[in-house]
Every structure is written in structure tokens, then in C-alpha cells.
Amino acid sequence: MKKKKYILNGCIALTMMLMLIQCTQPKANESEKESPVATTGSTNLKIAYVEIDSLLTKYRYWNDLNELMIQKEENIRTTLNEKAKDLDNDMREFQRKLENNGFVSRERAEQENLRITQKQRDLQELQEKLTNELQAENQKISLQLRDSINSFLKIYNKDKGYDFIISNTGFDNLLYANSAYNITQEIVDGLNARYTPSEKK
């Protein structure tokens with residue numbers, strides 16, 4: 001379960017990095033209109049970065065979504081384990097009766113075998129269905145998270161006026177940066193200030 005959580009967090013972090021880069025980059029046409037390309041001299045870009053790992057750890061909305069997904073995964077696991085245990089009991093009972101000539105006829109044994117086989121197929125189908133639903137839910141919350149952060153960054157950057165807000169996950173993108181350009185806590189505070197638990201899905 002921890003492995004799946006790390007994989008989910010990794011996927012979310014990757015999505016976040018791409019989203020932050022897309023969100024803060026102006027469209028090509030707009031940037032050409034607003035600031036023509038400089039032919040000489042240096043440009044003063046206003047740049048900041050956000051530590052995605054810290055953001056996800058401290059953002060209450062993400063923590064609530066993550067907790068919700070863990071609960072759903074646990075519920076699915078419990079349901080499948082209960083059904084698998086029930087199937088296993090049926091198979092053991094069938095085998096016991098078969099070994100002790102407990103069936104009144106061969107046809108009855110075949111009927112019971114067919115019933116158990118169908119039960120096994122049903123369990124496999126349920127497992128696939130629940131797994132697909134969980135994956136779809138993961139994608140949905142990833143989009144919700146991205147939209148939440150995107151919309152906040154657009155509002156936040158109106159006042160701050162950054163040219164770039166870069167995402168940083170461990171050593172994936174940003175190998176070194178002056179901590180003075182780290183705006184992670186500002187973003188976390190702003191996101192948490194506008195989140196209320198009633199928004200939980």
C-alpha cells in the first residue's frame with residue numbers, strides 16, 4: 001500500500017511540475033505582443049520556485065484527497081479479500097465433498113464446480129472494475145489538484161508578476177537555487193487560506 005501511495009505521489013508530483021510550468025509561461029503570441037525580443041543587453045526576469053514535495057505535504061486539500069483515496073483503496077482491498085476468502089472456502093468445501101463422495105451424483109458435482117468457476121470469474125471482473133474505478137478517481141483528483149493550484153497561481157501572480165514559477169521535486173529539475181526565490185510557503189499559505197473542508201469530494 002505504501003508503494004502505491006509513493007507511486008501515486010510521484011505521478012501527482014510529475015503532473016504538478018508540468019502544470020506549474022504551463023501555468024506560468026505566457027502564450028507565445030501574447031509574449032511577442034507584450035515584450036518584443038531584445039537584441040542587445042540582458043533581460044531581468046523575475047523567477048521563483050516551488051518545492052512540490054513540500055507543497056503536497058502541507059496543502060490540506062491534497063491531504064484530504066489523498067486520505068480519501070487511501071480509504072477507497074482500503075475499502076476495495078477489504079471487499080476483494082472478503083470475496084476471495086469466501087471463494088476459497090467454497091473451493092475447499094467442494095474439494096472435501098469430492099474426496100469423500102459427498103455429492104449425490106456426478107451432475108451435482110459438475111453443477112457445483114460450474115457455480116464456483118462462475119464465482120471466480122465474477123471476482124476477477126469485480127477486481128478489474130474496482131481497479132479501473134480507482135484509477136479513474138486518481139486521474140480525477142489529479143485534475144482537481146492541478147486546477148486548484150493553477151487557478152490560485154493565476155490570482156497570486158497578478159500581484160507578484162513573476163515571469164516564471166518553476167517547480168522543484170527533489171533533484172529532478174532544479175539542481176540549485178537561492179532559497180530567497182523559494183515561494184513554496186507563500187503558495188501553501190494562500191492555497192490553504194482559500195480551502196475549506198466542505199469542498200471535499
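Reply: The structure, a predicted model, holds 13 salt bridges. A salt bridge here is a side-chain nitrogen of Lys or Arg within 4 Å of a carboxyl oxygen of Asp or Glu. Side chains of opposite charge can pair when their charged atoms come close.

Residues are numbered from 1 along each chain as its sequence is written. In this predicted model, local features need pLDDT of at least 70 and side-chain atom pairs count only at pLDDT 80 or more, while totals for chains, interfaces and linings use all residues; side-chain values use heavy atoms, with hydrogens and water left out.

One of the salt bridges joins Glu137 and Lys72, whose closest N and O atoms are 3.2 Å apart. This pair links distant parts of the chain, with Glu137 in helix α5 and Lys72 in helix α4, 65 residues apart. Helices (H or I, at least four residues) and strands (E, at least two) are DSSP runs, numbered from the N terminus. Glu137 is buried because its relative accessible area is 17%, and Lys72 counts as partly exposed at 31%. The terms are set with a 1.4 Å probe on protein chains only: buried is under 20% relative accessible area, exposed is over 50%, and partly exposed is in between.

Arg115 and Asp90 also meet through their side chains in a salt bridge, at 3.3 Å from N to O. Here too the pair links distant parts of the chain: Arg115 is in helix α5 and Asp90 in helix α4, 25 residues apart. Arg115 is partly exposed, at 37% relative accessibility, whereas Asp90 is buried, at 15%.

A further salt bridge is formed by the side chains of Glu186 and Lys160, at 3.5 Å from N to O. Glu186 lies in helix α6 and Lys160 in helix α5, so this pair ties together parts that are 26 residues apart in sequence. Glu186 has a relative accessible area of 36% and is therefore partly exposed; Lys160, at 33%, also counts as partly exposed.

Some salt bridges share partners, and these join Asp86, Asp90, Arg108, Glu112, Arg115 and Lys119 into one network.
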